[in-house]
Amino acid sequence: MKFTIQVNEGPYTHQSSDSAYHFTKAALEKGHEIFRVFFYHDGVNNATRLTTPPQDDRNVITPWSELAEKHNLDMVVCVAAAQRRGIADADESKRNGKDADNLAPGFRISGLGQLIEGGIQSDRLVVFGD
Amino acid sequence: MSTIKQFLYVNRKAPYGTVYALESLEVVLIGAAFEQDVRLLFMDDGVFQLVKGQDSSDSEIKNFSPTYNALGDYDINKIYVDKQSLEERGLSLDDLLHLTWEDEDEDWAEKDSIVLVDRSEIVALMDDAEVVLSF
């Protein structure tokens, strides 16, 4: 089956990114296809490479990057939601006149159309969040 | 991209307090360009999103409720509101924005977009939908 995954909540505050990650990983291991993972609302905060959890806690961000590299996952961060919350790649940062960028490896910034396309192209759109 | 799917947007949260309602509306408006079969459902505190006469000026948070009036122009005219959620909050259809659309098949006659539904009709809406986005 072909899935698009939507992650609506930020790391650590909410479990939705953990759950989405485990779902995505399990689906891939079972031979399913992940068309796209789309990060929206505070979910965009899952895409910062500056996250530094305490040593006795899990890292929510890095496993996404590793999964993306291993499976060539398309992980998209909504540009409007990202701008509001200070998530930027080098291009976005420059375009908006900012002095830094923080997008983690494996993520890319694009528009909401990517979410709609995910809904159209996939057999199931699975939303993680409240 | 010629596939047309039935999209159902489920809006369950109050318009202010969290960003979900505003960012949901942004998805709906962007999604309109994809010419899908779109339905919007408002239930639980989500019914507050459609209340008319909103004034958020004291909070400095933008009152985005006028945008709902434009949905008809985007061909988004199937807007369902959970009757029970309205009643639980002391609201009725008269308290909501008068959302309309123009039917080009009937000489652009103005028609109401909002339909009140009960819980069993919501079950059917969700059952029919191919893509459910919940906010």
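Start with chain B and select residues 79-82, which are strand β3; helices (H or I, at least four residues) and strands (E, at least two) are DSSP runs numbered from the N terminus. β3(B) pairs with β6(B) in the parallel sense over 4 bridges, and two strands count as paired if DSSP finds at least two bridges between them. Within this pair, look for Asp82(B), which stands opposite Val117(B) in β6(B).

What is on screen is a predicted model, in which local features need pLDDT of at least 70, side-chain atom pairs count only at pLDDT 80 or more, and totals for chains, interfaces and linings use all residues. Residues are numbered from 1 along each chain as its sequence is written, while chains are lettered from A and ligands numbered from 1 in the order in which they are written.

Now widen the selection to the sheet of chain B. Its 5 strands form an open sheet in the order β6-β3-β2-β1-β7, with parallel pairing. β6 (114-117) and β7 (131-134) of chain B each have a single partner strand, so one side of each is left without a neighbour in the sheet. From one strand to the next, the twist averages 25°.

Next, select residues 20-31 of chain B, helix α1, which packs on the sheet. α1(B) touches β1 (6-11), β2 (37-42) and β7 of chain B; two residues are in contact if their C-beta atoms, placed from the backbone, lie within 7 Å. The direction of α1(B) makes about 165° with that of β1(B) (axes are lines fitted to C-alpha atoms, for helices over the stretch in contact, and angles run from 0 to 180 degrees between N-to-C directions).

Move to chain A. Here 5 strands form an open sheet in the order β4-β3-β2-β1-β5, and the pairing is parallel. At the edges are β4 (107-110) and β5 (124-128) of chain A, each pairing on one side only.

Select β3 of chain A, residues 75-78: 4 bridges join this strand to β4(A), and the two run parallel. Val76(A) has Arg108(A) as its bridge partner in β4(A). Then select residues 113-121, helix α5 of chain A, which packs on the sheet and touches β1 (2-7), β2 (33-39), β3, β4 and β5 of chain A. The direction of α5(A) makes about 150° with that of β2(A).

Finish where the chains touch. The contact takes 13 residues from chain A and 16 residues from chain B. On the side of chain A that touches chain B, α3 (79-85), α5 and β5 of chain A each supply at least two residues, and α5(A) gives the most, with 5 residues.
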